[in-house]
Amino acid sequence: QVQLVESGGGSVQPGGSLRLSCAATGRIFSIYTMRWYRQAPGKQRELVAAFTSGGNTNYEDSVKGRFTISRDNAKNTVHLQMNSLNAEDTAVYYCNADIKISSLSAVYRYWGQGTQVTVSS
């Protein structure tokens with residue numbers, strides 16, 4: 001019923017930029033916090049950035065000042081602008097969102113399928 005679809009991944013040289021997007025579609029009553037996670041090979045998935053429904057943002061320390069999370073509530077989308085990329089940013093990036101599908105439903109967390117970001121010279 002609810003799907004999160006990411007786009008915008010790819011390969012870039014060190015110092016380059018990429019913009020990831022994630023659109024939530026389907027039966028949606030309201031969306032609360034939207035987040036970006038990443039998982040590098042052999043490592044645990046980590047939270048990169050989050051954007052609450054109240055407009056607050058937070059970032060993982062290594063991306064502060066380089067990444068910017070933004071949100072378009074009218075389009076149920078969240079973006080991640082990534083600048084000054086380096087090899088340590090190479091990972092599969094996932095978005096997730098806390099969503100209610102009706103006024104009476106509980107809040108469920110949905111995940112996207114992931115998009116690969118590769119930073120290499």
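**Close-up views of a predicted model**

**View 1. Residues around the largest pocket.** Lining the largest pocket are Arg38, Gln39, Ala40, Lys43, Gln44, Glu46, Ala87, Glu88, Asp89, Thr90 and Ala91. Remember as you look around that this model is predicted. The pocket holds about 150 Å³ of space. Its lining is made up of five charged, three polar and three nonpolar residues.

**View 2. Strand β4 and its pairing with β9.** Here we follow β4, residues 30–39, where eight of the ten residues are buried. Strand β9 (residues 91–100) runs antiparallel to β4, and eight bridges join the two. To find your place, look for Met34, which stands opposite Ala97 in β9.

**View 3. The hairpin of β4 and β5.** β4 also pairs with β5 (residues 46–51), again antiparallel, through five bridges. Tyr37 has Leu47 of β5 as its bridge partner. Six residues lie between the two strands of this hairpin, and in the turn Gly42 has a positive phi of about 75°.

**View 4. The largest nonpolar core.** This core has 30 residues, and those touching the most other members are Trp36, Leu80, Met82 and Tyr93. Strands β1 (2–7), β3 (18–26), β4, β5, β7 (67–72), β8 (77–82), β9 and β11 (115–119) each give two or more residues to the core. The most come from β9, which gives five.

**View 5. The surroundings of Tyr93.** Now we zoom in on one core member. Leaving aside residues up to four places away in sequence, Tyr93 touches Glu6, Leu20, Trp36, Tyr37, Arg38, Val48, Phe67, Leu80, Met82, Gly114, Thr115 and Val117. Among these contacts, Trp36, Leu80 and Met82 are also named with Tyr93 as touching the most other core members.

Methods: Residues are numbered from 1 along each chain as its sequence is written. This is a predicted model: local features need pLDDT of at least 70, side-chain atom pairs count only at pLDDT 80 or more; totals for chains, interfaces and linings use all residues. Side-chain values use heavy atoms; hydrogens and water are left out. On a 1 Å grid over the protein atoms alone, a cavity is a set of points where a 1.4 Å probe fits but cannot get out, and a pocket is an open set with protein on both sides within 12 Å along at least five of seven lines; lining residues have an atom within 4 Å of a point. Grid points are joined across faces, edges and corners, and a volume is the space filled by probe spheres set on the points. Ala, Val, Leu, Ile, Met, Phe, Trp, Tyr, Cys and Pro count as nonpolar, Asp, Glu, Lys and Arg as charged, and the others, Gly among them, as polar. Buried means under 20% relative accessible area, exposed over 50%, partly exposed in between (1.4 Å probe, protein chains only). Helices (H or I, at least four residues) and strands (E, at least two) are DSSP runs, numbered from the N terminus. Two strands pair if DSSP finds at least two bridges between them. A nonpolar core is a set of buried Ala, Val, Leu, Ile, Met, Phe, Trp, Tyr and Cys residues joined through side-chain atoms within 4.5 Å. Contact means heavy atoms within 4.5 Å.
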